Amino acid sequence: MKRNNEPESISSILIKDIGMNLDEVGSIVEAGRQLRKVSPSLRFDMTPQEAFKRLLACYQYEVQSRNRAFKLDEFTIEEILNVAKHMTQEIPKPGLMLCGMQGNGKSTLARAILRMIRELNFYGHFKFMGEYFSLDTRIIKATDICILHKSEDFFAISKLKQTPVLVIDDVGEEPKEVMVYGTPLYPLREVLEARYDTLLFTVLTTNLSPKDLPEHYGWRVVDRFREMYHQIVHKGESYR
C-alpha cells in the first residue's frame with residue numbers, strides 16, 4: 001500500500017496528468033537520441049588502437065621537430081591512450097583538459113592532437129560531420145587572449161569564440177581580470193563560456209591542479225569545465 005509521503009511513480013504521473021504511458025514517452029526520448037546523431041561530435045572515427053598509433057606518431061613528430069630525443073615511457077603511453085579511448089567514443093566530451101606540472105608534455109600532446117586532427121581532415125576523415133562542416137584550427141596562449149582584449153581586437157576575440165578546433169595553452173598563467181578604461185574584463189572566461197554554449201572542440205593545458213581551478217575561475221566556470229572537458233592528469237616528471 002502506498003504511504004502518504006511516498007512519491008508517485010513516473011507511470012502514474014504520466015497517465016494521470018498527460019494521458020501517456022512509459023512506452024510512448026520512451027519513443028519520444030529515442031527520437032531525441034536519433035536527432036542528436038544528426039549533429040555528431042568531433043571524434044576519431046576509428047578503433048582506439050588505430051587512434052593510439054596515429055597520435056603516438058604525431059606526438060613523436062612534435063618532440064623530434066624541436067630537436068629533442070623522443071623517449072617512450074609509461075606516462076606518455078597512458079596519456080596518449082587516454083586521449084585515444086576518449087576521442088573514439090560515439091559522443092565524446094567536446095573538450096580535453098590536460099593538467100600537470102610544468103614541462104611534462106601537456107603542450108606537446110595538445111599540439112600532437114591538433115596535428116592529428118589536421119592530418120585526418122586532409123584525408124577526408126571528418127565527412128561524417130556533414131557537408132557544412134569546415135575545419136579551422138588555432139593554438140594560442142591564455143596570456144595572449146588577455147592581450148587581445150587589452151588591445152580591443154574584437155574581431156580576433158570573436159574568431160576565437162567561433163574557431164571549430166581551439167587549443168588554449170597555459171591556462172591559469174593569465175591574470176584573472178584585465179582593466180579596459182577602468183572596466184574589469186575576464187577574457188579567458190568569456191571565450192570559454194562562448195565555446196561552452198556552442199560545444200566547439202577545445203583543448204586546454206594547465207599547471208593548475210583541479211583544487212586550484214575554483215579559486216582562479218569560480219565554481220560556475222569550473223562546473224562547466226567538468227561538463228565539457230575530459231580531464232587527463234599528466235603524472236610524469238618534467239622532461240626539461
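Is tyrosine 229 buried or exposed, and what is its relative accessible area? Tyrosine 229 is buried, at a relative accessible area of 4%; buried stands for under 20%, exposed for over 50% and partly exposed for what falls in between, using a 1.4 Å probe and protein chains only.

A word on the model before the views. This is a predicted model, where local features need pLDDT of at least 70 and side-chain atom pairs count only at pLDDT 80 or more, while totals for chains, interfaces and linings use all residues. Residues are numbered from 1 along each chain as its sequence is written, and side-chain values use heavy atoms, with hydrogens and water left out.

**View 1. The chain as a whole.** The protein chain has 10 helices and 7 strands; these are DSSP runs numbered from the N terminus, with helices being H or I of at least four residues and strands being E of at least two. Out of its 240 residues, 41% count as buried. Take the contacts (heavy atoms within 4.5 Å) between residues at least 6 apart in sequence: 79% of them join residues at least 24 apart.

**View 2. Around tyrosine 229.** Look for tyrosine 229 in the loop between helix H10 (219-228) and strand S7 (230-234). Setting aside residues up to four places away in sequence, tyrosine 229 touches Lys93, Gly95, Leu96, Met97, Leu192, Thr202 and Leu204.

**View 3. Valine 233 in strand S7.** Valine 233 sits in strand S7 and counts as partly exposed because its relative accessibility is 42%. Beyond its neighbours within four places in sequence, it is in contact with Glu79 and Cys99. Methionine 97 is 136 residues away along the chain, yet the C-alpha atoms of valine 233 and methionine 97 are separated by 8.3 Å.

**View 4. Helix H3 against helix H4.** H3 (residues 48-64) and H4 (residues 74-87) pack at about 130 degrees with their axes 8 Å apart; axes are lines fitted to C-alpha atoms, for helices over the stretch in contact, and angles run from 0 to 180 degrees between N-to-C directions. That angle makes H3 oblique to H4, since under 35 degrees counts as roughly parallel, over 145 as roughly antiparallel, 65 to 115 as roughly perpendicular and the rest as oblique. On the H3 side you'll find Pro48, Ala51, Phe52, Leu55, Leu56 and Tyr59, meeting H4 residues that include Thr76, Ile77 and Ile80. The residues of this contact divide into 11 nonpolar, 1 polar and 1 charged; nonpolar covers Ala, Val, Leu, Ile, Met, Phe, Trp, Tyr, Cys and Pro, charged covers Asp, Glu, Lys and Arg, and the others, Gly among them, are polar.

**View 5. Threonine 76 in helix H4.** Threonine 76 belongs to helix H4 and is buried, with a relative accessible area of 2%. Not counting residues up to four places away in sequence, threonine 76 touches Tyr59 and Tyr239.

**View 6. Helix H3 against helix H5.** The axes of H3 and H5 (residues 106-122) come within 8 Å and cross at roughly 120 degrees, and the two helices are therefore oblique to each other. Among the H3 residues making the contact are Arg54, Cys58 and Glu62, while H5 brings residues including Arg111, Arg115 and Glu119.

**View 7. Two cysteines.** Cysteine 58 is buried at 3% relative accessible area, and cysteine 99 is buried at 2%. The structure holds 0 disulfides, a disulfide being a pair of cysteine sulfur atoms within 2.5 Å.
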